[in-house]
Amino acid sequence: MKKALILALFSFFWSLPVHASVMGIFPGDLIKLKDDKNPATIEDKVVYYYDQDWFRHPFPNQRVFESWYKDFSGVKEVTKEEMAEIRLASPVTYRPGTRLVKIPSIPKVYAVEPGGALRWIETEAVAKALFGDDWAKRVDDVSEAYFSNYHEGAPLTTPSWPTCTYVRRASDTAMFFIDGLKKRYVPPSVLASLRLN
């Protein structure tokens with residue numbers, strides 16, 4: 001058993017790209033370039049999510065980042081040479097169930113579901129029923145340059161919660177996770193690990 005575990009660990013670390021083992025970064029880490037202390041440059045401000053296939057996914061802006069993380073405390077810094085070794089992939093999309101999105105040229109507001117799926121909220125009445133009278137304050141503009149990272153799903157024609165929405169019951173503040181047509185209770189002990197803001 002012990003020998004099998006050692007072989008499995010050896011196999012895992014052997015399969016890691018050289019840059020991962022040298023730099024100490026692993027799938028799930030947040031990475032960025034080391035700060036060059038020059039306020040005129042911006043490339044050292046971009047944060048990436050490092051995925052299980054050894055790709056880095058840029059966060060398009062701080063609003064998208066904040067839909068996933070509370071702050072930048074867990075970000076690891078790497079050199080330009082190290083960053084160049086990591087393949088670039090598609091940008092991170094908004095975390096499902098957090099913000100509503102739209103693009104400037106189309107007057108449609110969408111809820112975000114897993115995989116960048118967008119559910120057009122067909123009427124203001126549906127938006128109010130789901131997100132309250134101040135639902136418009138939850139809407140963020142997505143640059144048209146990044147909109148192709150999303151895809152349209154079925155519209156929300158009735159007030160049914162989008163998948164991956166977290167809702168709080170008014171009577172006792174219990175939290176629930178919407179999983180398709182199912183509603184799953186979220187114990188208080190796991191709320192912190194979900195990074196809900």
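**View 1. The buried residues of helix α5.** In helix α5 (residues 124-131), the buried residues are Val126, Ala127, Leu130 and Phe131. Look down the α5 axis and these buried residues sit within an arc of 100 degrees, so they line one face of the helix. That arc is taken over the directions from the helix axis to the C-beta atoms. Buried here means under 20% relative accessible area, exposed means over 50%, and partly exposed is in between (1.4 Å probe, protein chains only). As background, an α-helix has 3.6 residues a turn, so residues three or four places apart point the same way. Helices (H or I, at least four residues) and strands (E, at least two) are DSSP runs, numbered from the N terminus.

This is a predicted model, where local features need pLDDT of at least 70, side-chain atom pairs count only at pLDDT 80 or more, and totals for chains, interfaces and linings use all residues. Residues are numbered from 1 along each chain as its sequence is written, and side-chain values use heavy atoms, with hydrogens and water left out.

View 2. Just after α5 comes glycine 132, with a positive phi of about 90 degrees.

**View 3. A salt bridge between Asp44 and Lys45.** The structure has 10 salt bridges, each a side-chain nitrogen of Lys or Arg within 4 Å of a carboxyl oxygen of Asp or Glu. One of them pairs the side chains of aspartate 44 and lysine 45, at 3.3 Å from N to O. Aspartate 44 counts as buried because its relative accessibility is 2%, whereas lysine 45, at 48%, counts as partly exposed.

**View 4. Asp140 and its two arginines.** Arginine 63 and aspartate 140 meet through their side chains in a salt bridge (3.1 Å, N to O). This pair links distant parts of the chain, with arginine 63 in helix α3 (residues 62-68) and aspartate 140 in strand β9 (residues 139-141), 77 residues apart. Arginine 63 is partly exposed at 40% relative accessibility, while aspartate 140 is buried at 8%. Aspartate 140 also forms a salt bridge with arginine 99, their closest N and O atoms lying 3.0 Å apart. Arginine 99 sits in the loop between β5 (87-88) and β6, 41 residues from aspartate 140. Through shared partners, salt bridges join Arg63, Arg99 and Asp140 into one network.
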